[in-house]
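Please open the model in your viewer and keep the selection tool at hand. The tour below goes from one selection to the next and says what is found at each stop.

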Amino acid sequence: MKKKPLFTAVFALLLLLAAYAFFTMPGRDRAPPGINELRYGLATEPVTFDPLNPANTADGRSILFNVFEGLVRPDSTGALIPAVAESYSIDGLVYTFTLREGIRFGNGRELRPADVVFSINTAANAGFPGLGRIERVEVSGPREVRITLSELDPEFLPYLTVGIVPEDNPDRERNPIGSGPFMIEHYAPQQFLRLARNPHYRINGVPALDRVTIVFVAGSDALITGLLGGNIDGASVTGAMLARLNPDNFDMFPWFSNTVQLLALNNARAPFNDIRVRQAINYAIDVPRIIETAFHGHGQPSGSPVIPGLARAYDDSLRDPFPRDMDRARQLLSESGHPNGFSLEITVPSAFTMHVDTAQVIVHQLAQVGIRATIRLVDWGTWLSEVYRNRNYQATIISLDARTVSPRSFLFRYVSDSERNFINFNSPDFDRVFREALVEASEERRTALYREAQRIISENAASVFIQDILGFRVFARGRFGGVVNYPVFVMDFASMYRR
C-alpha cells in the first residue's frame, strides 16, 4: 500500500507522455482554420536540405524544387525558362545572365550577383554533373553574371537549374534559405517537413497554398492508410497501390515518373562480370509481365537507360532488346559455366513497395532458368551506403532519375570513372562516344551519338532496363487543383491550390 503514491505518479507521467506523443504526431499537426494547407505523404526523406550538396536523392530534389530556384528552370514542356535570371545570352564559351531586379530570398534579403557566383562555384567544386567545364564565374555588372567555359558545351544551360543561395549563410543544412515559392519552416525527422509560403516570392499570388506539410511514412502501406484515414490529403502511388483506393473518393492524376526502373547488376562482381550471364538474365526476364503483375499494366517499357519520353534522343529500337527466350538464357548460362544456375541476392530498399513487388516477380522468372534469387530488404540509408556509395551488392532494383531534360543526365552515370557509376559498367567504346557527344555542336549529330551510346549499353547487357513507371498523384476528391506534370522528377506545389 505504501507503493501506491509512487505507482500513481509514474502512471500519470506515462499518460502525460503518451498524450504529448499523440498530439505531436504529424496527423495532429493541423493548420489553423483559414490556412490553406496540403498534407502530402512521402516514404523517403531528403538526404540534405542544401541544394549545393550533390548527395541528395530524387525525392529530396523534388521537394527542394519548391524552395530554391536556379538561373533557369524547366517548364512543364521541358523548355528552359528564366528564373533568377531575367534573360541570358550565349556567345560561344561565354554565358551572360541578367538577374531580375528586386528578387529576394525567403528571409527578405535581396539576391545579389555575388550569391550566384558563390552558388555556381560551390556546386561545381562539389562535383555537380554538367559543371566541370566552367573556367570562371564572375560579376560583370550591377545585375549581371558571366560564366566562361574552358571548352564548348552545347548542353551546358540545363545544368544551371542548380539552386541559388545567399553567400553569407554559414549553415545551409540547418538554415536553408532560397528564393523559391516556399520556405522550410519546420522539420521533425521521421515525422514531417513543413513548407510555408514565401512572402517575398517574385511572382505575385504564387503560391496559392499557405503551407505544405510533407508527412513521412514508413512505406506504401502507410501511405494508403494515411489517404484512407484522412491523415494526408495526397500522395504519389503506383498501379498496385492505386487498386486499393476507391476512385469515387479520390482525384487521380496519371504521371510518368520520368525515371528508369532497372534491375541493376554489379558488372564488377562475379558472375556479372561475364556478359553472357548478364545477357541470360535479360533473356529470362519478362518485362511486360512485370508491368502487368506488379503495376496493373501501368508502365512504359524502356529497354534503355534513357526514358522513352525523351523521344528526340531515345532509341526506340531498344524498347525490347532481349525478347524473352528461356532456351537462349539457359544456353548462355551453360556457356558461362553455370549450367545449374547460381544463387543471387537482390537488395531492395524496403520503403519502395513498387520495387519490392518487381523483385518478387523477377525472383519467380529467374527461377525458371535455375537462378535461385532471394530478396534482401534494407532501409533507405543502408541502400545508399552499401549499394550506391560502396557498391557492395550483387543486384538491386531502383529507379534512376535525371537532373535535367537532356539524355546526357541519364547516361553520364555509365562513364567508367563516374562516381555515380554504381553498377561498375566499363566500356571504352561508350566512354568515347559519350565524350564525343559532350562537345558536338550539331544537335542532329549529338542525338545520333546519344543513341549510339544507348546501343552500346544495351549490347553489353549492362543491366535490365525495365520501364518508366506510370504512377498516379492522388488527392482527396474535389479538394485540390493545379496538378502539373514535368518531364523531370519534381513535385510542383506552387502550381496547386485548394478548391
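Select Arg-473 and Trp-255: the charged end of Arg-473 sits over the ring of Trp-255, 4.1 Å from its centre, where sitting over a ring asks for NZ of Lys or CZ of Arg within 6 Å of the ring centre and within 35 degrees of the ring normal. A second case is found by selecting Arg-403, which lies over the face of Phe-128, at 4.9 Å from the ring centre.

Before going further, note that this is a predicted model, in which local features need pLDDT of at least 70 and side-chain atom pairs count only at pLDDT 80 or more, while totals for chains, interfaces and linings use all residues. Residues are numbered from 1 along each chain as its sequence is written, and side-chain values use heavy atoms, with hydrogens and water left out.

Five of its seven residues are buried, so E15 is largely enclosed by the rest of the structure; buried means under 20% relative accessible area, exposed over 50% and partly exposed in between, with a 1.4 Å probe and protein chains only.

Now select Tyr-393 and Phe-422, whose ring centres are 6.2 Å apart with the planes at 40°, so the pair is tilted. Rings of Phe, Tyr and Trp (its six-membered ring) pair if their centres lie within 6.5 Å, and planes under 30 degrees apart count as stacked, over 60 as edge-to-face and the rest as tilted. Both Tyr-393 and Phe-422 are buried, and they belong to one aromatic cluster together with Phe-352, Trp-380, Trp-383 and Tyr-388.

For the last stop, select Phe-430 and Phe-434, which form a stacked aromatic pair, 5.8 Å centre to centre with 15° between the planes. These two residues lie in helix H12, four residues apart, about one turn of the helix, and both Phe-430 and Phe-434 are buried.
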